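Me: I am new to this one, and I would like to understand the words used for it. Could we look at it together?

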Amino acid sequence: MLKFSKMHGLGNDFVVIDAIHQDISLTTAQVQFLADRHRGIGCDQVLLVEKSQLENVDFRYRIFNADGGEVAQCGNGARCFAQFVRDKGLTDKATIAVETSAGIIYPTLHANGNISVDMGQPHFLPAEVPFSAEEPANTYMLTVAPGEQIEIATLSMGNPHAVILVDAVETAPVDTLGPSIESHPQFPERVNVGFMQLCDRQTIKLRVFERGAGETSACGTGACAAVVSGIRRGLLARQVTVQLKGGSLLINWPDDDANVIMTGPATQVFDGEIAWATLNLL
Ligand SMILES: N[C@@H](CCC[C@H](N)C(=O)O)C(=O)O
């Protein structure tokens, strides 16, 4: 049997697998099956916990979207990852060094149950996102239909994000604009699309249509990207509460050269087992 944990960060849910004590590598079809809410277990992302080969790094963290694609970064997943390795006795450290394909991140578990993650620095150059643009700018006009342009900010938090300002998240066109921007030809690796409503300088509301997963209850990197884009446009303070469908995250970006710190909860739902035979049929 393959053992897993079902976890979530503000309703952004994960199947987390210890790949240190279980010999596992997943095909695209196997990830899609695990993520399937009707035929499999159901989740937005599958997370693999591996050993890191790097010096002074505790673990390697691999992230797969529900569509089976491997990606480089996941904020809510990072908090769940940290909670998982502590709960399973894989470490007793409060601050853990975790290798991702976007660099090293540092989750810290606090006594009150919250977890802060040093998510590293945002990157703004179009090639770093990646986004196709003639020159770098704070915002870009993106053509989404003949004669229809939308103003976006775009940046990488280790994964690509586009952020759109809206008057009210409740009525934002997440279901229509989300998929069309996710696969817009100017984003060669596709993109996560955030719809941000400004409440005041310390508070925003946010909905995110995630690349490879659709709209989720919360997106940690999306929250970081929205706050960073708002600060760069002079609209937000350096510490902002982000209200998502599933709850709130606190995002800090102390100055332009600093790393972004995300703080929020991680919840264990249940442990389970699935027969290898089921996976091997795929
Ligand atoms: N839910 C995540 C982001 C997961 C990856 C993303 N969909 C991508 O394709 O980059 C988060 O909490 O950051």
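Reply: Gladly; below we take the terms in turn and set each against its definition.

Reply: Before we start, this is a predicted model, in which local features need pLDDT of at least 70 and side-chain atom pairs count only at pLDDT 80 or more, while totals for chains, interfaces and linings use all residues. Residues are numbered from 1 along each chain as its sequence is written.

Me: What makes domain 1 and domain 2 the domains of this protein?

Reply: The bounds come from an automatic or database domain assignment. That assignment gives 2–114 + 266–280 as domain 1 and 126–258 as domain 2. Taken over C-alpha atoms, their centres are 24 Å apart.

Me: How many residues of domain 1 are in contact with domain 2?

Reply: Two residues are in contact if their C-beta atoms, placed from the backbone, lie within 7 Å. By that rule, 20 residues of domain 1 meet 19 residues of domain 2. On the domain 1 side, helix H2 (residues 75–87) gives the largest share, three residues. Helices (H or I, at least four residues) and strands (E, at least two) are DSSP runs, numbered from the N terminus. The domain 1 side divides into seven nonpolar, 11 polar and two charged residues. Here Ala, Val, Leu, Ile, Met, Phe, Trp, Tyr, Cys and Pro count as nonpolar, Asp, Glu, Lys and Arg as charged, and the others, Gly among them, as polar.

Me: Why is H4 called largely enclosed?

Reply: Because 12 of its 13 residues are buried, H4 is largely enclosed by the rest of the structure. A residue is buried if 20 or more other C-beta atoms lie within 10 Å of its own, exposed if 12 or fewer, and partly exposed in between, with C-beta atoms placed from the backbone. Among the buried residues of H4 are Gly220, Ala223, Val227 and Ile231.

Me: Which residues are called "active site"?

Reply: An unreviewed UniProt entry lists Cys74 and Cys219 under that name. UniProt positions are given in the numbering used here, feature names are shortened, and annotations may be inferred rather than shown by experiment. The two are spread over 146 residues of sequence yet cluster in space, with a largest C-alpha distance of 7.8 Å.

Me: What makes Cys74 and Cys219 count as buried?

Reply: Cys74 has 32 other C-beta atoms within 10 Å, so it is buried. Cys219, with 36 such neighbours inside 10 Å, counts as buried too. Cys74 is in the loop between strand E5 (70–71) and H2, while Cys219 is in the loop between E14 and H4. Contacts of Cys74 include Gln45 and Thr221, and those of Cys219 include Asn12 and Glu210.

Me: Are Arg211 and Thr221 buried or exposed?

Reply: Both are buried: Arg211 has 24 C-beta neighbours inside 10 Å, and Thr221 has 31 other C-beta atoms within 10 Å. The unreviewed UniProt entry lists Arg211 and Thr221 among its "binding site" residues. Arg211 lies in the loop between strand E13 (203–210) and strand E14 (214–216), and Thr221 is in helix H4. Arg211 touches Asn65 and Asn192, among others. The contacts of Thr221 include Cys74, Gly75 and Asn159.

How values were computed. Lists of a residue's contacts leave out its neighbours within four places in sequence.
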